[in-house]
Amino acid sequence: MAIHVVCDLENIEPWVRALKNVDNPVEVLTIDNVKDKSSVEFVLAWTYPHGMFEEYPNLKTISSMGAGVDHLMSDPRLPPEVSVVRIVDPLLSQDIYEFALSVIMSRLRRLSFFRDMQRQKIWKRKRYRRISDVSIGIMGTGVIGNHIATQLHNTGFRVAGWSRTPGSSAPYRKYHGKSQIDRFLVETNILICLLPLTPETENILNKENLEKLPEGSWLINIGRGGHLVENDLLELLDSGHLDGANLDVFREEPLPASHPFWDHPKIEITPHMASLPLPASVAPQIVDNYHRTLNNKPLLNIVDRTRGY
Ligand code: NAP
């Protein structure tokens, strides 16, 4: 019995080490070295060719290597009887909060403008904005979005969240469902997307929705590239309706060199690294789910496959 790993990481050694360091030592193998496919019951996966899991007749659980599971849910040939679990890690949520806060403060204090001035040796002042000047709207107040919304609220920002269902009470203002999205958007100056990518949320960052943000707003997309209609964003940036966008995720990753986002003066790009899972931090829950699988016990952080997240 072993944890079988399939992903596009060049070096999976830190994962193998972290998994083996967990109290309950396990064997860790890359899936391409497996001779007997019927021996595979638990897979740790990131990117993989769609349909490949059909060849593993005794596969019971696939664990995503991250919080998102769209790479698994979008596989039309994912065997229906296989359980999917994902990573839920406070460190990951905190990393994304720190990323979002850095982006917001950098934009409020216009740091990229001053870097440009420095390059040209120009001593020029420009008015900055304060925390009290803006309202933040977070799309998707699940494990990560709720953490960020709460931390930003505690830092002094006006914060609202939007989710699919009402959920439990929170220290920030909450909206939910399609009927409340407009009210959420019209009071948001900084829109942060932290939704999972599902058929319902795909293309949600489109012209119709982004136009409802007040003029001069900006977008931070940390969810997935498939949430954003790229040409709609370009149109709204170029017309001046939106002031800027910080994009961490893209439809095609790595972002192709010819993509217009690279050179756009209002777009700031990071290479899908608002958070990087720390193997040592997430290994215990993966190993725990591995043993739960072998012992037919309820799994942790299980994904609702009909809901898609
Ligand atoms: P989660 O706990 O599953 O939360 C998902 C949230 O989205 C929930 O609040 C859910 O509403 C809401 N939602 C889902 N479908 C919706 C819909 N149709 N309309 C409105 N709201 C909807 O997920 P998480 O752990 O917070 O992670 C969220 C996403 O962040 C991941 O799926 C991944 O795409 C992204 N992510 C990105 C990075 C990065 O480095 N860029 C890192 C980690 C995660 P309910 O509360 O009503 O269910």
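A polar contact here is a pair of N or O atoms within 3.5 Å; within protein, one atom must be able to donate a hydrogen and the other to accept it, and residues adjacent in sequence count only if both atoms are side-chain atoms. The model is predicted, so local features need pLDDT of at least 70 and side-chain atom pairs count only at pLDDT 80 or more, while totals for chains, interfaces and linings use all residues. Residues are numbered from 1 along each chain as its sequence is written, and side-chain values use heavy atoms, with hydrogens and water left out.

View 1. One nitrogen atom of the ligand lies 3.0 Å from a polar backbone atom of Ile222. A ligand nitrogen is also 2.9 Å from a side-chain N or O atom of Asp248. At Ser275, a polar backbone atom is 3.3 Å from an oxygen atom of the ligand. Of the 940 Å² of accessible area that the ligand has on its own, the protein covers 92% (Shrake-Rupley method, 1.4 Å probe; for residues, only the protein chains shown count as cover).

**View 2. The shell around the ligand.** There are 29 residues around the ligand, and Arg86, Ile144, Thr165, Asp248 and Tyr309 come nearest (near: a heavy atom of the residue within 4 Å). Two or more residues each come from α3 (90–108), α5 (143–155) and β7 (158–163) (DSSP runs numbered from the N terminus: helices H or I, at least four residues; strands E, at least two). The most, 3 residues, come from α5. Because domain 1 (2–89 + 277–294) and domain 2 (90–269) both give residues to the shell, the ligand lies between them (domain bounds from an automatic or database assignment).

**View 3. The second largest pocket.** This pocket holds about 450 Å³ of space (a pocket is an open set of points on a 1 Å grid over the protein atoms alone, with protein on both sides within 12 Å along at least five of seven lines; lining residues have an atom within 4 Å of a point; volume is the space filled by probe spheres set on the points, which are joined across faces, edges and corners). Of its 17 lining residues, Arg107, Ser112, Phe113, Pro265 and Glu268 are the closest to the centre. The largest share of the lining, 6 residues, belongs to α4.

**View 4. Two backbone details.** The Glu253 to Pro254 peptide bond is cis, with omega near -5°. Pro254 sits in the loop between β11 (242–247) and β12. Arg110, not a glycine, has a positive phi of about 55°, and its place is the loop between α3 and α4.

Technical notes:
On a 1 Å grid over the protein atoms alone, a cavity is a set of points where a 1.4 Å probe fits but cannot get out, and a pocket is an open set with protein on both sides within 12 Å along at least five of seven lines; lining residues have an atom within 4 Å of a point.
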